[in-house]
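I opened the notebook to look at helix packing. Here is the structure I worked from.

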Amino acid sequence: MQSFIVNLLNGLSYGLLLFMLSAGLTLIFSMLGVLNFAHASFYMLGAYVGFSVAARAGFWSALVIAPLGVGLLGAAFEHWLLRRVRAHGHLPELLLTFGAAYLLGELVKLGWGLGPLSAPVPAVLDGPLFSLYGASFARYRAFMMAVSLAMLAALVAVLRVSRTGLVVRAALTHPQAVEALGHNVPAVFTGVFAAGTALAALAGAIGAPLFVIEPAMAESLGSIVFVVVVIGGLGSLSGALVASLLVGCVQTLAVASDVSLGEVLSVAGVALPPDWDALTLAQLAPLIPYLLLVAVLALRPRGLFGRRGDHA
Amino acid sequence: MRKRDAGAEARGAAARPERPEHPEHPEHPEHPEHPEHPEHPEHPERPGTAPQTAGRGPSARSFAPWLALAVFLALPPFVGSQSWLLAYLAQTATMIVFALSYNLLLGETGLLSFGHAAYAGLGALIAARMFNATGMPLVLLPLVGGMGGALCGLLFGLIATRRSGTAFAMITLGLGELVVAAAWTLPGWFGGEAGIAIDRASGPRFFGLSFGPAREAYALIALWCLAASAAMFALSRTPFMRLANAVRDNPARAAAIGCYPARIRYGVVVLSAFFAGMAGTMGLVNIELVSTESVGMMRSGAVLIATVIGGTAAFFGPVAGALVLTFFSVIVASVTRAWLFYLGLFFVAVVLAAPDGLAGFCARHAARIAAQGWRRRRAAYLWSALAVLLWSAAVVLAVQWAYAARFGADEGAAGAIFGFGANAGADGAPLASALSAVSWWPAVALALLAAFCALTTRYAMRAHARLAPQAGRARVASSSGETR
């Protein structure tokens, strides 16, 4: 139980990383009306590019170059491809991002090989920040939390305070009116898409030292991010934040726990076959985001912070 | 998915009840930059499902695709009986049923699902367990698998069909991942790594057939493929499916005339899950194994890709898509490991160039040829075909070159052609350094090829531009038949 606080902090840092991804996804969805299925692939690309840049020019330049490069790629994708199918509705757009996820996955295999890579933690951020009752909290995780929170603050500031944010928010709901006022709405779309993919790449570059960089990382994290976005309510930034923290904390705590399923269910008086009872919560951790999704949707079909349920 | 549009129309209908049709969409909120694409909610020219063809009765023309399908499934086993041919045909037959069942969701009801393999895999799992436990006749196994799939559809549909559009897609993704994660973690459910195997010859004999030999098993699969396709075709003509079409095109109006969109969606999900379970069981009969792979995302993605490539608007679109997909996943995959890249590239090209799939593409151009005559369009088509061929050659050359540089000896023939094997790039090394170790002639060939590509593309575009004034009207007419 002593390590509970540290585990909670670990969960929070994981949740904030998830938020960095789901924020970009939500931004793009509420703006363009299309769920970017390739979002996790841009995250993976960010991790790989960050790895390569960090190996040559150091960790800090990787944090800048990877988001910039991947953001440019995202802008190109939106400008040259996504815009072409917009006339046909949202379904082809979603399908196009789906195809792009396949292509990016193959390109990454082509560019960096099939094997897993591990990015080193920079020396400044290596080691524990503090220890509580013998359990230590890594300095790098604290750094990750700081970056995520800074990004959240910057996002809120840009969207709420600045003039650009005003145009973006107006273009969200009234694109025709904004265009009539002389703003270049397609350029705003491209910018939002680029910003979203850049956020994903930043998450990839920052998360790389904590996870293994491998071609399957997009799939394993991607489905969790989509689950987070649905739990929070599609298009809701605050919902994405709450759901990210929820999923991150619950999953991390489950992994760190040593309780078995039988012990949990015996509280409720339910008995299962013995080989099910022997399963630990840590083994069941991969199931937890999806079970949360089912539970939330059963109680509240539109998600935690979603708007009124749509027919279409 | 198009909620803003539907909402605007609902508001418009409420405000101006005397004008229910809005034929012009003057205030069309979504696509101000494309006034030539007015999206009529009625889809007057959906090929294949247009109401005017329903009342005409069967003609020789409408039987032609069925005949082609039957010949495709039946003829090759008489020509040659290599095991790979039967395996390929059985996989194609399975994918045809799977893609058709997926099209009940995507094409007929407008529901995009990312977890369709869950129904197929769970249906096959239930069928395998039933077969091992009871020793029931193999002939009826697809029905059992279908029931199993429908049961899962009953369960998952409860959660998923409360939403539609993007939310439905994401929920099915979550449910699909839930099934995958559960299949890996829960013990004794999917038999872990090994999966659950059946011995298809162990059931009672059926008119002297044990179904042990691949030919007999294939005959069973092909017959079930035809039966399931015919059943889905009949289903697509029922009033219930017309309601589903209404829910797809305009849920607000469908609700206004007194049907519950969520219930219709639920019904379609269950029906589609039934046929998906059937397809999964056909795969089980073919390979005698159901494993965690059969519920995985790869399989869900494959059926989505097959259906979209084929086209969702026509009934036989998914059949064509299934043929293309198994061509990539069996034949191309046996030649090169880059097949997934080619498949993704082809998928993206289809989505960009013909969002209504191969079936829509063919229907559109058949209409243009009928309108303008073959002779007039010949030059444009010839140049386009040449350009497409050259571009494909250039892409294949570039991709094979890159894959050979990365994977070297593993890539087999291509690695030998490009003149290197052992010096392939190590994991993590940038591709450029691997490529620099390569012989230089592919680069020169690629540059030459690209020049030819640019030239033919130029000629093709010029030829199309000459046709454009006449083709303009045909394009507007046919592009309103797209799927939402």
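**Entry 1: the model.** I am working with a predicted model.

**Entry 2: α1 and α8 of chain A.** I looked up helix α1 (residues 4-32) of chain A against helix α8 (residues 185-207) of chain A. Their axes come within 9 Å and cross at roughly 170 degrees. An angle over 145 degrees counts as roughly antiparallel, so I put α1(A) and α8(A) down as roughly antiparallel to each other. Next I listed the contact residues. On the α1(A) side they are L17(A), M20(A), L21(A), A23(A), G24(A), L25(A), L27(A), I28(A), M31(A) and L32(A). α8(A) brings residues including F189(A), V192(A), F193(A), L199(A) and G207(A).

**Entry 3: α5 and α9 of chain B.** I then turned to helix α5 (residues 83-109) and helix α9 (residues 214-236), both of chain B. The pair packs at an angle of about 20 degrees, and the axes are 10 Å apart. That angle makes α5(B) roughly parallel to α9(B). I recorded the crossing of α5(B) and α9(B) as left-handed. From α5(B), the residues in the contact include S83(B), L86(B), L89(B), L104(B) and E108(B). From α9(B), they include R215(B), Y218(B), C225(B), M232(B) and S236(B). The contact of α5(B) with α9(B) holds 15 nonpolar, five polar and two charged residues.

**Entry 4: across the chains.** How do α14 of chain A and α8 of chain B pack, and at what angle? Helix α14 (residues 288-299) of chain A meets helix α8 (residues 165-185) of chain B at about 135 degrees, with the axes 9 Å apart. I therefore class α14(A) as oblique to α8(B). The crossing is left-handed here. α14(A) contributes Y290(A), L293(A) and L297(A). Facing them in α8(B) are I171(B), G174(B), E177(B), L178(B) and A181(B). I noted six nonpolar, one polar and one charged residues in the contact of α14(A) with α8(B).

Entry 5: I checked the length of helix α7 (residues 141-160) of chain B. At 1.5 Å a residue, its 20 residues should span 28 Å. The end C-alpha atoms of α7(B) are 28 Å apart, which agrees. I also looked for a bend. α7(B) bends by about 25 degrees at L154(B).

Technical notes
Residues numbered from 1 in each chain as written. Chains lettered and ligands numbered in written order. Predicted model: local features only at pLDDT ≥ 70, side-chain atom pairs only at ≥ 80, totals over all residues. Axes fitted to C-alpha atoms, helices over the stretch in contact; angles between N-to-C directions. Helix = DSSP H or I, 4+ residues; strand = E, 2+ residues; numbered from the N terminus. Parallel < 35°, antiparallel > 145°, perpendicular 65-115°, else oblique. Left-handed = near helix turned anticlockwise from the far one by under 90°. Contact = placed C-beta atoms within 7 Å. Nonpolar A, V, L, I, M, F, W, Y, C, P; charged D, E, K, R; others polar. Expected span 1.5 Å × (residues − 1). Bend = angle between axes of the 7 residues up to and from the residue.
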